[in-house]
Amino acid sequence: MHLSSLCIDSFRNIEKQHFQFNSEKNYFFGDNAQGKTNLLEAIYLLCLCKSFRSAVDQEMIQMGKEEYKLNGRFMDAQNIEHEVLFHYGQREGKHISLDGKPIYQYSSLVGQFPVVILSVADYDITHGPPQQRRRFINILSSQCSPRYLSDLKEYERIVKQRNKVLGSIQSGKRYAESELEVWDEQLLQKGAAVIMFRHQIVVELNQLIQNYYRIIAWGSPDIFSVTYQPRIDILHPGDVVDQFRMALQRSHKLEKMRGMTLVGPHRDDFVFKIGERPLRNYGSRGEHKSALISLKAAEATLLRQRLQVSPLLLLDDLYAELDRIRGEKVMDIFSDGSQCFITATSFDYAALQTTQAINDQKTQFFVKQGIFTLKNNGS
Amino acid sequence: MRYSSETVERAVHELSKLPGIGRKSAQRLVFFLLKRPAEDVKILAQALLDLHEKVKYCSICYNITEQDPCHICSDVHRDQSLICVVEEANDVVALEKTGEFKGLYHVLGGAMSPLDGIGPDNLKMRELLTRLTGQVHEIILATNPNTEGEATALYLVKLLRPLELKLTRIARGIPIGADIEYADEITLSRAIEGRVTL
Ligand SMILES: [Zn+2]
């Protein structure tokens with residue numbers, strides 16, 4: 001699957017721009033704050049209906065404008081073209097359509113055009129608080145399975161409803177006690193489905209990251225692994241509902257005192273280790289970097305395996321964090337049939353040219369103040 | 001922007017209180033109505049007034065009706081041993097269209113949703129209990145298959161189980177007429193989950 005063309009209108013600092021993309025590698029060279037990342041954000045938005053910078057629609061409109069529009073044409077594995085239209089206006093709100101048909105549930109688009117991004121913000125996955133790791137697992141799992149996304153959204157809704165009931169109990173409204181049970185039952189069912197899927201995804205990730213880490217960390221003998229740490233013990237995937245039920249019963253008293261749901265997948269964590277050392281607290285800068293790239297490469301491979309479709313790869317400022325030779329090696333691991341969008345500085349451009357890492361076969365754009373110019377091949 | 005006519009301003013203000021109608025849409029509606037013949041507008045106004053004067057809730061099933069009890073509750077040919085519990089009057093209309101269901105209904109008037117301040121006491125649950133005399137043998141729970149509808153069904157099960165009635169829940173599955181090939185994955189995976197032994 002690849003993105004063959006893209007039209008951008010009034011998005012961030014990009015006024016009006018039409019792109020034709022190469023199905024393999026597309027490079028975008030320019031200094032900082034010229035619009036490279038904005039382009040990646042637009043592509044990501046077409047794939048997942050949300051920004052990887054967690055931006056709201058309003059702030060993505062170009063200054064002085066009232067709306068932005070994105071129009072992307074994807075070519076699927078069977079060479080059938082799909083058109084995604086994304087329109088946000090201050091008055092009209094958001095409108096998305098696929099092949100001319102309006103999409104009302106944005107979640108139905110997730111997974112149809114799989115995407116993996118690597119950007120500075122992703123360093124939070126190994127460095128940051130648990131919610132960053134849950135976010136990573138959620139985006140990956142949702143692209144793998146629409147059922148997971150639907151279960152997760154229902155679960156989150158149940159948690160909110162249940163917290164409201166617990167809040168009433170906390171403030172002394174006894175009648176709310178009788179309502180708690182029905183939310184508990186649903187919490188268990190949907191929560192168990194989320195836990196079981198996360199468990200499976202972590203098993204699959206572990207099979208991939210070790211190998212990638214060995215290559216990326218220059219043959220490091222250490223083993224990179226991820227462990228799922230749900231708030232409840234799972235001995236066998238089959239008895240998750242029972243374990244969850246017991247954990248919930250144990251925490252009922254405390255939950256009523258605190259007025260909120262204290263156990264369940266909304267409080268899960270995932271622990272990354274290099275050998276026996278937890279990466280988050282004891283990892284060196286280099287280890288974090290190699291771990292993150294291994295994780296992202298595994299994410300792409302997992303999507304490829306599960307969906308039988310190559311995800312789009314958005315690699316933001318790849319060379320800033322890696323030396324250029326290693327950067328090329330990383331690219332080789334990553335690409336594997338995927339279409340790549342790579343942003344880099346003008347400085348990287350000069351260096352890449354001397355190592356002949358890029359040549360005229362690859363599409364190259366130069367970016368200045370939101371204007372992208374295609375490098376004319378062979379002229 | 002405000003209008004020089006206080007009447008127009010008041011109409012805009014009232015219309016914009018309706019769900020899904022912002023000030024802009026309300027203005028559009030008011031100007032549309034101003035251009036219509038007076039007779040048409042009168043018919044509309046009367047229809048709105050009649051809503052409150054003529055339409056009431058059936059004192060048995062809480063469906064909307066103009067006569068009490070409603071035509072379904074007063075129909076002796078319907079199966080008095082079967083009650084189908086739904087959230088809204090709209091659901092009765094949908095089920096009646098099928099022509100399949102010959103029992104009675106009970107309209108709860110919504111679903112449990114603590115976030116919206118709706119608990120069992122805001123729904124016609126106690127009223128359902130008072131209807132369960134010896135005649136009724138089966139209750140079909142036909143609340144929506146979403147989080148709130150599911151919670152409401154579970155709550156009713158808890159409430160009704162001691163009465164030793166037959167309790168059933170409508171199945172969720174693939175819409176008839178839709179090919180399995182075209183059903184969305186979520187519907188499909190739930191249909192498989194809810195499969196029955198033949
Ligand atoms: Zn009635």
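Predicted model: local features only at pLDDT ≥ 70, side-chain atom pairs only at ≥ 80, totals over all residues.
Visitor: Is B:C58 buried or exposed?

Guide: B:C58 sits in the loop between β1 (56–57) and β2 (64–65) of chain B. Its relative accessible area is 0%, and buried means under 20%. So B:C58 is buried.

Visitor: Which helix gives the most to the nonpolar patch?

Guide: The patch lies on the surface and is formed by B:L44, B:L48, B:L51, B:V55, B:Y57 and B:I64, with about 570 Å² of accessible area together. One of them, B:L51, is partly exposed at a relative accessible area of 48%, and B:L51 is found in helix α3 of chain B. With three residues, the helix that gives the most is α3 (residues 38–54) of chain B.

Visitor: How many Å separate the centres of domain 1 and domain 2 of chain B?

Guide: The domain assignment of chain B gives domain 1 as 6–54 and domain 2 as 77–197. Taken over C-alpha atoms, their centres are separated by 36 Å.

Visitor: Now for chain A: how many residues apart in sequence are the parts that A:R12 and A:E41 tie together?

Guide: The two side chains meet in a salt bridge, at 2.6 Å from N to O. A:R12 lies in the loop between β1 (2–11) and β2 (14–20) of chain A, while A:E41 lies in helix α1 (residues 36–48) of chain A. The pair therefore ties together parts whose separation in sequence is 29 residues.

Visitor: Which residue forms a salt bridge with A:R162?

Guide: A:R162 is buried, with a relative accessible area of 0%. The pair links helix α5 of chain A to helix α7 (residues 240–258) of chain A, 93 residues apart. With the closest N and O atoms 2.7 Å apart, the partner is A:E255.

Visitor: And how many salt bridges does the structure hold over all chains?

Guide: Some are linked in a network, which joins A:R147, A:D151, A:E154 and A:K190. Over all chains, the number of salt bridges is 32.

Definitions and conventions. Residues numbered from 1 in each chain as written. Chains lettered and ligands numbered in written order. Heavy atoms only, no water. Helix = DSSP H or I, 4+ residues; strand = E, 2+ residues; numbered from the N terminus. Buried < 20%, exposed > 50% of the residue type's maximum accessible area, 1.4 Å probe, protein only. Patch = residues over 30% accessible without salt bridge, like charges linked within 9 Å, V, L, I, M, F, W, Y side chains within 5 Å. Areas by Shrake-Rupley, 256 points an atom, 1.4 Å probe, with all protein chains shown as cover. Salt bridge = Lys/Arg side-chain N within 4 Å of Asp/Glu carboxyl O. Domains from an automatic or database assignment.
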